[in-house]
Amino acid sequence: MERLRVGLIGTGPWATQTHAPVLAGHPDATLSGIWGRRPKAAAELASAHATTAYEDVDELFAASDAVAFAVPPDVQAPLAERAAAAGCHLLLDKPVATSPAAARSLADAVERAGVASVVFFTLRFAPPMAQWLARRADEGPWFTARADWYSSFFAADGTGDFDSPWRATKGGLWDVGPHALAVLTAVLGEVTSVTAAPGPEDTVHLILRHAGGASSTATLTLRAPRAAEGLALEFRGEHGTAVPPGWGESGWGDSTDAFRSAVDALVCAAGGGERHACDVRFGLRVTEILADAERQADARRETELPAQPPPQAS
């Protein structure tokens, strides 16, 4: 079988530390080139992996069978539509977009083009977690679950290791919310409704109903105090309470191993194999849920702000 030629869009930390090295070393893929919004960074990353830096993104599409994305979601969506129209399979980052309209347009473009798609939800592809979730799904039904992400992503000065304007603006709901939805739906099934309420800073609390009748909750933030950061994941049912042993430690969500598995899934789907559950349609559903939650949380923030005192007479 010929290797899948995969182009890379993006030159930031994820592209540099995970995407490019994995694509360059994958046994069934070839890193066919790199395009970025910063041409100098694209040239440096391409040189490091003995591939071509393209100044014209359409030339990258023409030289590739598939394209992997490591750019902000609202940069990704329109570029991914163009890639699909050019006949390229898609390895997308989460969330696929931050508006349902953009996500739906992308999903429709993928369907029209007849290309394969995989969305890189890290924990659905990290081998230990993927296996653990599959076992829990087989054990069902479950009564309820929770998935909490208390991240201390931003320092006191507002910067972060993977700092980007979209994370600062959209907060934990959009950055770690997809991780929570990915693990919860893998075991409990599709989300049928969401109720959301705001907490301090960017915190959002979710209550989710699932198609099988179970419910789940999630608390999401990128701005927890350092001493309060941590992750929680548990499922409760007739079998008792299931928690991944050593959850939160290195290995459960190793990005390199997970991305390698995502490339495996794309190679399989592009070759005519079964589509992965985490395809663009699932990415669309995640965007719809998060947008609904954002709308509810924003509305409650507006109505629950303390009343301003009337101006003093001069």
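## Basis of the model

A residue is called buried when its relative accessible area is under 20%, exposed when that area is over 50%, and partly exposed in between (1.4 Å probe, protein chains only). The model is predicted: local features need pLDDT of at least 70, side-chain atom pairs count only at pLDDT 80 or more, and totals for chains, interfaces and linings use all residues. Residues are numbered from 1 along each chain as its sequence is written, and side-chain values use heavy atoms, with hydrogens and water left out.

## Overall fold

The protein has 11 helices and 11 strands, taken as DSSP runs numbered from the N terminus (helices: H or I, at least four residues; strands: E, at least two). Its radius of gyration is 20 Å, which agrees with the value near 20 Å that a compact globule of 314 residues would have. That radius is taken over C-alpha atoms, and the globule rule is 2.2 Å times the number of residues to the power 0.38. Along the principal axes, the C-alpha atoms fill a box of roughly 65 × 65 × 40 Å.

Of the 314 residues, 50% are buried. The accessible surface is about 14400 Å², and carbon and sulfur atoms account for 51% of that surface; areas come from the Shrake-Rupley method with a 1.4 Å probe, and for residues only the protein chains shown count as cover. Among contacts (heavy atoms within 4.5 Å) between residues at least 6 apart in sequence, 70% join residues at least 24 apart.

## Aromatic pairs

Rings of Phe, Tyr and Trp (its six-membered ring) pair if their centres lie within 6.5 Å; planes under 30 degrees apart count as stacked, over 60 as edge-to-face and the rest as tilted. The whole structure holds five aromatic pairs. One of them is the tilted pair of Phe 120 and Phe 125, with 6.3 Å centre to centre and 45° between the planes. Both of these residues, Phe 120 and Phe 125, are buried. Together with Phe 259, Phe 120 and Phe 125 form one aromatic cluster.

Trp 142 and Phe 235 also make a tilted pair, at 6.1 Å centre to centre and 55° between the planes. This pair links distant parts of the chain, 93 residues apart: Trp 142 belongs to strand 6 (residues 142–150) and Phe 235 to strand 10 (residues 230–237). Trp 142 and Phe 235 are both buried.

## Thr 169

Thr 169 lies in helix 8 (residues 165–175). With a relative accessible area of 65%, Thr 169 is exposed. Its C-alpha atom is 9.2 Å from that of Asp 202, a residue 33 positions away along the chain.
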